[in-house]
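Biologist: I would like a close look at one part of this model. Please keep it plain, and then show me what surrounds that part.

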Amino acid sequence: MEQKDMLRIVLVGCGAMSRAWLQTATELADVEVVGLVDIYEEAAHTRARELQLTQVMIGTDLGEILERTRPDIVFNCTIPEAHLQTSLQALEAGCHVLSEKPLAASLEASRTLVAAAQRVDRYFAVMQNRRYDANILRVHHVLASGELGALTTVNSDFYIGAHFGGFRDHMRHVLLLDMAIHTFDAARFLTRADPVSVYCHEWNPAGSWYDHDASAIAIFEMTGGLMYTYRGSWCAEGLATTWESDWRLIAQRGSITWNGGEDIRVQQVQETGGFLSTFCDVEPDLVERTEWTQGHSSAIRDFIACVREGRAPQTNGTDNIKSLAMVFAAIESAESGKRVAVSW
């Protein structure tokens, strides 16, 4: 890939999330934000003023901005329903694309984008910021060491009473569509396994302030015979989990519990032969907090580094579509009441 002194970036969708994306981009010496696009032009002007982007080109027409600025990278921060059109237009203009989640609003649209990126030989990745968290990396390192043996069972719990107001209160499948992909993707990252099938049940608890089902339990069969379970609710008042979920990971020679934050406990089998094995506590190695463990910022930095170095991002569309497929398969199972094969 041809090396350039400066990589040029256009951001599309200047809503609330765009500020963090632009803040990171403006901190990097080897990139230049050259364009901002939003259907409400004043939103783009507001972002430009906030971040003192005095030379940036602003407009409502992505095609025109692409033509006039010739960027290397497009940041897609639009609403999910606009992801297909925006990312496809950017890819076909020869740009690499980093998109907010989800990859697209449907699995069919996601396949279209993955195929388009491969056709034009450009990187197309999705923001999965939790992969760039120091705590999940500590858990990942313990598992990768092999000291606990092969994983057999993984459980995750997500319970938060979120009073959003607005459109989420009226969404169908609000938990699975809006939040579960973070946990599903974290499960794939930790287990290094892919989904095979799922049985999912959704319901709306008494007292819920959501119009539709806001709680779910899903049982996934993963490759290698591993079983992964997800329990979650957007309307669980009290004793909230972290946003990263509460985890138990069971391997052949020990287990890990992780509260999604800094509380990570590891026990390894020390001696067997009796009714109960004996165990020793293992202290997981610390992961230095650097520019690569800062969530959104690190994901953006890594994507830009991948473009420069010609290496595929870890959240490339070809990989992330598997996490998204878990979401849509879980929804299909909840609607049909049947076990569903996961395909992508």
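Biologist: Which hand does the crossing of helix 1 and helix 9 have, left-handed or right-handed?

Modeller: The crossing of helix 1 and helix 9 is right-handed. A crossing counts as right-handed if the near helix is turned clockwise from the far one by less than a right angle, and as left-handed if anticlockwise.

First, some ground rules. This is a predicted model, where local features need pLDDT of at least 70, side-chain atom pairs count only at pLDDT 80 or more, and totals for chains, interfaces and linings use all residues. Residues are numbered from 1 along each chain as its sequence is written, and side-chain values use heavy atoms, with hydrogens and water left out. Helices (H or I, at least four residues) and strands (E, at least two) are DSSP runs, numbered from the N terminus.

Now the helix pair. Helix 1 covers residues 18-27 and helix 9 covers residues 296-309. They pack at an angle of about 50°, with their axes 9 Å apart. That angle makes helix 1 oblique to helix 9. Oblique is what remains once angles under 35 degrees (roughly parallel), over 145 (roughly antiparallel) and 65 to 115 (roughly perpendicular) are taken out. Axes are lines fitted to C-alpha atoms, for helices over the stretch in contact, and angles run from 0 to 180 degrees between N-to-C directions.

Who touches whom? W21, T24 and E27 in helix 1 meet H296, S297, I300 and R301 in helix 9. Contact means heavy atoms within 4.5 Å. The residues of this contact divide into 2 nonpolar, 3 polar and 2 charged. Here Ala, Val, Leu, Ile, Met, Phe, Trp, Tyr, Cys and Pro are nonpolar, Asp, Glu, Lys and Arg are charged, and the others, Gly among them, are polar.

An open sheet of 6 strands has the order 3-2-1-4-5-6, with parallel pairing. Strand 3 (57-59) and strand 6 (124-126) stand at the edges with a single partner strand each, so one side of each lacks a neighbour in the sheet. From one strand to the next, the twist averages 20°. Two strands pair if DSSP finds at least two bridges between them. Strand 1 (residues 7-12) and strand 4 (residues 73-76) share 4 bridges in the parallel sense. V10 has V74 in strand 4 as its bridge partner.

Last, helix 2 (residues 41-50). It lies across strand 2 (31-37) and strand 3, and runs at about 155° to strand 3.
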